[in-house]
Amino acid sequence: MTNIILGKNQYGKAEVRVVRITRDTDRHEIEDLNVTSQLRGDFDSAHFDGNNEHVVATDTQKNTVFAFAKDGVGSPEEYLLRLGRHFTGEFDWVTGGRWAAEQYTWQRIEAEGGPHDHSFVAGGTETRTAVVQIDGDDTTIIAGLQDLKVLKSTESGFVGYPKDRYTTLPETTDRILATSVTAKWRYNRNDIDFNEVYADVRRVLLASFTKNYSYALQNTLYDMAQAVLEAHPEIDEIRFSTPNSHHFVVDLSPFGLENPNEVFFAADRPYGLIEAAFLREGADTDHWSWSGIAGFC
Ligand SMILES: O=c1[nH]c(=O)c2[nH]c(=O)[nH]c2[nH]1
């Protein structure tokens with residue numbers, strides 16, 4: 001028989017949809033999450049022998065996600081940390097894992113008397129994300145956001161690129177720059193006010209998007225990373241995955257009309273896909289905690 005060894009493996013429950021309402025007063029709070037729990041450790045006998053004595057059921061993991069919401073969420077990072085510490089603390093052979101969440105944004109509906117106590121409208125385009133990675137004594141937290149749509153209608157250009165026989169793109173010093181930012185940033189410590197830092201990183205990302213003339217989306221990502229790493233010493237690294245959502249000037253000349261960058265065709269595909277990681281000098285360029293996080297280079 002061919003000898004086979006077990007390589008990397010993890011398992012758990014994916015995409016547990018948890019909604020936690022805090023209703024201690026008439027003014028309710030909502031926390032709406034999509035949680036994934038993945039355990040790593042010694043699961044050899046389950047794979048090789050059909051012996052499940054180490055297999056904490058994915059159903060049990062799902063139930064634990066709900067049960068822990070009873071104590072409140074607070075921030076996705078703290079909630080995932082509690083879950084990760086529970087599984088690694090409770091079961092000797094669980095030596096690590098990955099706990100991840102998306103948190104959806106709800107805002108209070110502006111009603112006649114002001115922001116409503118218990119009625120909400122989905123807010124913004126973006127989703128907050130968090131990942132807690134545990135490997136033995138190492139715990140690393142990666143926060144982020146996805147699908148934060150931004151656009152600037154000028155102060156962007158693209159010139160100076162190589163021209164070959166396949167190049168048709170005209171140079172421009174005035175175009176629309178539009179993208180949907182997915183970013184993840186890695187903390188270098190875990191005792192953080194996660195909600196406060198999240199709100200500030202979001203603010204800094206948006207402010208730095210507006211700030212300088214953009215020579216390329218690549219160049220704007222650098223501006224955004226520079227601003228975040230400067231404002232937040234507790235962050236060592238930020239990674240981006242950003243589609244360049246092309247807006248093409250429509251040729252209106254057949255209709256006898258000029259079009260000085262006023263009417264655009266917003267193409268949804270194909271799109272440029274610009275991805276980059278920016279790190280504080282000296283930080284680990286290949287930190288273990290990114291393993292299993294898809295969608296980034
Ligand atoms: O900001 C840009 N970066 C590129 O790499 C690129 N390539 C392209 O065709 N247009 C753009 N725009």
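Q: How many Å separate a polar side-chain atom of Arg 175 from an oxygen atom of the ligand?
A: This structure is a predicted model. Arg 175 is one of the residues that surround the ligand. A polar atom in the side chain of Arg 175 faces an oxygen atom of the ligand at a distance of 2.9 Å.

Q: Which residue has a polar backbone atom 2.7 Å from an oxygen atom of the ligand?
A: The residues around the ligand include Phe 158, Leu 169, Ala 216, Leu 217 and Asn 244. The polar backbone atom that lies 2.7 Å from a ligand oxygen belongs to Leu 217.

Q: Which residue has a side-chain N or O atom 2.9 Å from a nitrogen atom of the ligand?
A: The surroundings of the ligand include Ala 216, Leu 217 and Gln 218. The side-chain N or O atom found 2.9 Å from a nitrogen of the ligand is that of Gln 218.

Q: What percentage of the area that the ligand exposes when taken alone is buried by the protein?
A: The reference value is the area of the ligand by itself, which is 300 Å². The share of this area that the protein buries is 73%.

Q: Is Asp 236 buried or exposed?
A: Asp 236 belongs to strand 9, which covers residues 235-244. A residue counts as buried when its relative accessible area is under 20%. Because the relative accessibility of Asp 236 is 15%, this residue is classed as buried.

Q: Which residue has a side chain joined to that of Asp 236 by a polar contact of 3.0 Å?
A: Residues up to four places away in sequence being left out, Asp 236 touches Arg 186, Asn 188, Leu 229, Phe 278, Leu 279, Arg 280 and Ala 283. The 3.0 Å polar contact between side chains links Asp 236 to Asn 188.

Q: With the side chain of which residue does the side chain of Ser 241 make a polar contact of 2.7 Å?
A: Ser 241 is placed in strand 9, and it counts as buried because its relative accessibility is 11%. With neighbours within four places in sequence left aside, its contacts include Ser 180, Thr 182, Glu 275 and Phe 296. The side-chain partner in the 2.7 Å polar contact of Ser 241 is Glu 275.

Q: How many Å separate the C-alpha atoms of Ser 241 and Phe 91?
A: Along the chain, Ser 241 and Phe 91 are 150 residues apart.

Q: What percentage of the residues of the protein count as buried?
A: The protein contains five helices and twelve strands, and its C-alpha trace spans about 75 × 65 × 40 Å along the principal axes. Among its 297 residues, the share that counts as buried is 42%.

Q: How many Å apart are the mean positions of the positive and negative charges of the protein?
A: The protein has 28 positive and 46 negative charges. When the mean position of each group is taken, the two positions are separated by 2 Å.

Definitions and conventions
Residues numbered from 1 in each chain as written. Predicted model: local features only at pLDDT ≥ 70, side-chain atom pairs only at ≥ 80, totals over all residues. Heavy atoms only, no water. Helix = DSSP H or I, 4+ residues; strand = E, 2+ residues; numbered from the N terminus. Buried < 20%, exposed > 50% of the residue type's maximum accessible area, 1.4 Å probe, protein only. Lys, Arg positive; Asp, Glu negative; His and termini not counted. Charge placed at Lys NZ, Arg CZ, Asp CG, Glu CD. Near = heavy atom within 4 Å. Polar contact = N/O pair within 3.5 Å; in protein donor to acceptor, adjacent residues only side chain to side chain. Areas by Shrake-Rupley, 256 points an atom, 1.4 Å probe, with all protein chains shown as cover. Contact = heavy atoms within 4.5 Å.
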